[in-house]
Amino acid sequence: MTVLVVGSVAYDSVKTPVASRETSLGGSAMYFSIGISRFAPVSVVAVVGEDFQDEHVDAMSSCGVDVSGLRRVTGSTFRWAGEYYGADLNARDTLDTQLNVFADFSPNISAEQRQCPYLFLANIDPELQFDVLQQMEQRPQLVALDSMNFWIDSKRDALDKIVSSADVLFMDEGETRDYAQEGNLVLAARRIMAMGPGVVVVKRGAHGVLVFNRADMDDDMFSVPAYPLDHVVDPTGAGDTFASGFVGYIAATGDTSPAGYRRAAVLGSVMGSFCVQGFSSDRVRKLRMQDIEDRFRAFTRLTSFAPLDDGEHIVPLDRQRQARRKKDRV
């Protein structure tokens, strides 16, 4: 089923301890659309400037991304520059941000795009996110959205409005606490779910993700670690690539059960782990389905352990009694 993504397509200049790259293809909509193209048809709505190179349009369309909604206007493309540091590249400094044509971005959804059954609202102004949702011919089967501290601080009312209309919300750990105005992460997620979203995905960078699901009015919590890698090149876009795997699984299977969301979170982590192994979408564009499935199975081995059967104890009862008797004698 076709997925519509509305967000940014940009040029990034990135420096890490490993290497650096200038004028690299970036933007939330780019990362998401290329990632999800492995699982479902995807159509992108974004704006770029007259400096945007044809080869980068081709890079997206060659992955099967519908770029008919990628509008080129007079001016320069949105540009971002940043530097990552730290042992796990989990810290970064933004060196430069030039919104350029993105500052006046006003998403215009085509008649065909308005019928898409799955919608991902990437990190843009919440007023624009809500406007896109209002343009849809009917409410999509799944509305997923990403946001950040800038909108929490500057457009809280508008953000509340679109969050209450979403099914899935993606935020990082600090944003979740700030938005809910609650220091405890579990209570913060519950407070957000009470606003409307049935699922809150808390991104924790190198520490993986936590998924909170208001399933049958009972909390369903699921933790997925980040996949251990011996070589990380560039973390830029990992969150949007995670979202591409998460939404991609739902779009491909239609499974919105708690078990389905758990698998979606694992597939998202799989895609994010590939993203950080190269600059831009270099590694993700080269992925084969076999690569994805092999790493999905590796996640299973990473987190698998023998459960306690009914009536089974971690320590057999006779040994527990022996330990108590020894303690009493002492």
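Predicted model: local features only at pLDDT ≥ 70, side-chain atom pairs only at ≥ 80, totals over all residues.

**Entry 1: arginine 285.** I looked up arginine 285 and found a relative accessible area of 31%, so arginine 285 is partly exposed. Arginine 285 forms a salt bridge with aspartate 282. The closest N and O atoms of this pair are 3.7 Å apart. I then checked where the two residues sit. Both lie in helix α10 (residues 282–285), 3 residues apart, which is about one turn of the helix. In general, an α-helix has 3.6 residues a turn, so residues three or four places apart point the same way. Aspartate 282 has 18% relative accessibility, so aspartate 282 counts as buried. Salt bridges with shared partners join Arg21, Asp282 and Arg285 into one network.

**Entry 2: other salt bridges.** How many salt bridges does the structure hold? I noted 14. I picked out the one between aspartate 51 and arginine 79, with the closest N and O atoms 2.9 Å apart. This pair links distant parts of the chain, 28 residues apart. Aspartate 51 is in the loop between β4 (42–48) and α2 (54–61), and arginine 79 is in strand β6 (residues 79–85). Aspartate 51 is partly exposed, with a relative accessible area of 25%. Arginine 79 also counts as partly exposed, at 25% relative accessibility.

I turned next to aspartate 167. Its salt bridge partner is arginine 139, and the closest N and O atoms are 3.1 Å apart. Aspartate 167 lies in the loop between α5 (156–163) and β10 (168–172), and arginine 139 in the loop between α3 (126–135) and β9 (142–146), so the pair ties together parts that are 28 residues apart in sequence. Arginine 139 has a relative accessible area of 45% and is partly exposed.

**Entry 3: tryptophan 151.** I found tryptophan 151 in helix α4 (residues 149–154). Is tryptophan 151 buried or exposed? Tryptophan 151 is buried, because its relative accessible area is 14%, and the cut-off for buried is under 20%. Leaving out residues up to four places away in sequence, tryptophan 151 touches Asn123, Ile124, Asp125, Pro126, Arg156 and Leu159. Its side chain reaches the backbone oxygen of isoleucine 124 at 3.4 Å.

**Entry 4: threonine 176.** I located threonine 176 in helix α6 (residues 173–180). Threonine 176 is buried, with a relative accessible area of 0%. Beyond four places away in sequence, threonine 176 touches residues including Met171, Leu185 and Ile192.

**Entry 5: helix α9.** I compared the span of helix α9 (residues 258–275) with expectation. At 1.5 Å a residue, its 18 residues should span 26 Å, and the end C-alpha atoms are 26 Å apart, which agrees. I then checked its cover. Of the 18 residues of α9, 14 are buried, so α9 is largely enclosed by the rest of the structure.

**Entry 6: a surface patch.** Which residues make the nonpolar surface patch of about 310 Å²? I listed Leu308, Ile314 and Val315. Valine 315 is in the loop between α11 (289–303) and α12 (317–329). At 39% relative accessibility, valine 315 counts as partly exposed.

Definitions and conventions: Residues numbered from 1 in each chain as written. Heavy atoms only, no water. Patch = residues over 30% accessible without salt bridge, like charges linked within 9 Å, V, L, I, M, F, W, Y side chains within 5 Å. Areas by Shrake-Rupley, 256 points an atom, 1.4 Å probe, with all protein chains shown as cover. Salt bridge = Lys/Arg side-chain N within 4 Å of Asp/Glu carboxyl O. Helix = DSSP H or I, 4+ residues; strand = E, 2+ residues; numbered from the N terminus. Buried < 20%, exposed > 50% of the residue type's maximum accessible area, 1.4 Å probe, protein only. Contact = heavy atoms within 4.5 Å. Polar contact = N/O pair within 3.5 Å; in protein donor to acceptor, adjacent residues only side chain to side chain. Expected span 1.5 Å × (residues − 1).
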